[in-house]
Amino acid sequence: MTEKEKVEEIMAKYNRNFSTLQKNASAKELKTVFNFVADESNRKQRELIGLDKEKINLK
(Lines give C-alpha, C1' and ligand atoms only; values in the text may rest on other atoms or scores of the structure.)
Protein backbone atom coordinates (compact mmCIF):
# COMPACT_ATOMS: atom_id res chain seq x y z
CA MET A 1 0.00 0.00 0.00
CA THR A 2 1.39 3.37 -0.97
CA GLU A 3 1.57 6.36 1.34
CA LYS A 4 -1.25 8.05 -0.55
CA GLU A 5 -3.48 4.99 -0.17
CA LYS A 6 -2.75 4.88 3.56
CA VAL A 7 -3.69 8.54 3.93
CA GLU A 8 -6.87 8.06 1.87
CA GLU A 9 -7.85 5.14 4.11
CA ILE A 10 -7.21 7.15 7.29
CA MET A 11 -9.16 10.15 6.00
CA ALA A 12 -12.09 7.93 4.94
CA LYS A 13 -12.12 6.44 8.44
CA TYR A 14 -12.70 9.94 9.86
CA ASN A 15 -15.21 10.97 7.15
CA ARG A 16 -12.64 13.24 5.48
CA ASN A 17 -13.11 15.66 8.38
CA PHE A 18 -9.86 17.21 9.59
CA SER A 19 -11.32 18.24 12.94
CA THR A 20 -12.51 14.70 13.64
CA LEU A 21 -9.13 13.38 12.56
CA GLN A 22 -7.32 15.65 15.03
CA LYS A 23 -9.64 14.74 17.91
CA ASN A 24 -9.90 10.99 17.41
CA ALA A 25 -6.90 9.73 15.44
CA SER A 26 -3.95 7.99 16.97
CA ALA A 27 -0.59 9.73 17.02
CA LYS A 28 0.64 7.38 14.28
CA GLU A 29 -2.32 8.21 12.02
CA LEU A 30 -1.84 11.96 12.55
CA LYS A 31 1.86 11.70 11.80
CA THR A 32 1.18 9.71 8.62
CA VAL A 33 -1.32 12.30 7.35
CA PHE A 34 0.80 15.32 8.30
CA ASN A 35 3.94 13.84 6.73
CA PHE A 36 2.09 13.11 3.50
CA VAL A 37 0.63 16.63 3.36
CA ALA A 38 4.05 18.19 4.02
CA ASP A 39 5.79 16.02 1.42
CA GLU A 40 3.14 16.79 -1.21
CA SER A 41 3.31 20.50 -0.43
CA ASN A 42 7.08 20.51 -0.79
CA ARG A 43 6.92 18.50 -4.02
CA LYS A 44 4.38 20.87 -5.58
CA GLN A 45 6.34 23.95 -4.52
CA ARG A 46 9.55 22.56 -6.00
CA GLU A 47 7.69 21.75 -9.20
CA LEU A 48 6.22 25.25 -9.42
CA ILE A 49 9.55 27.04 -9.08
CA GLY A 50 11.40 24.63 -11.34
CA LEU A 51 13.52 22.71 -8.86
CA ASP A 52 11.91 19.35 -9.58
CA LYS A 53 14.55 17.70 -11.75
CA GLU A 54 12.01 15.34 -13.32
CA LYS A 55 9.92 18.25 -14.60
CA ILE A 56 12.74 20.44 -15.90
CA ASN A 57 12.94 20.59 -19.68
CA LEU A 58 16.56 20.68 -20.75
CA LYS A 59 16.97 22.34 -24.13
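The place of Lys6 is in helix α1, where helices are DSSP runs of H or I with at least four residues, numbered from the N terminus. Although Lys6 and Val33 are 27 residues apart in sequence, their C-alpha atoms are 8.4 Å apart in space.

The model is a predicted one, in which local features need pLDDT of at least 70 and side-chain atom pairs count only at pLDDT 80 or more, while totals for chains, interfaces and linings use all residues. Residues are numbered from 1 along each chain as its sequence is written, and side-chain values use heavy atoms, with hydrogens and water left out.

## The two sides of helix α1

The buried residues of α1 are Val7, Ile10 and Met11. Seen down the axis of α1, these buried residues fall within an arc of 95 degrees, so they line one face of the helix; the arc is taken from the directions that run from the helix axis to the C-beta atoms. An α-helix has 3.6 residues a turn, so residues three or four places apart point the same way.

On the other side of α1, Glu9 and Lys13 are exposed. The buried residues of α1 pack against α2 (18-24) and α3, contact being heavy atoms within 4.5 Å. After α1 comes Asn15, which has a positive phi, near 55 degrees.

## The nonpolar core

The largest nonpolar core is made of nine residues, namely Val7, Ile10, Met11, Tyr14, Leu21, Ala25, Leu30, Val33 and Phe36. Helices α1 (3-13) and α3 (27-49) each supply at least two residues of this core. Such a core is a set of buried Ala, Val, Leu, Ile, Met, Phe, Trp, Tyr and Cys residues joined through side-chain atoms within 4.5 Å.

When residues up to four places away in sequence are not counted, Ile10 touches Leu21, Glu29, Thr32 and Val33.

## An aromatic pair

The structure holds one aromatic pair. The rings of Phe18 and Phe34 have their centres 5.9 Å apart and their planes at 50 degrees, so the pair is tilted. This pair links distant parts of the chain, with Phe18 in helix α2 and Phe34 in helix α3, 16 residues apart. Rings of Phe, Tyr and Trp (its six-membered ring) pair if their centres lie within 6.5 Å, and planes under 30 degrees apart count as stacked, over 60 as edge-to-face and the rest as tilted.

Phe18 is partly exposed at 38% relative accessibility, and Phe34 is partly exposed at 38% relative accessibility.

Technical notes
Buried < 20%, exposed > 50% of the residue type's maximum accessible area, 1.4 Å probe, protein only.
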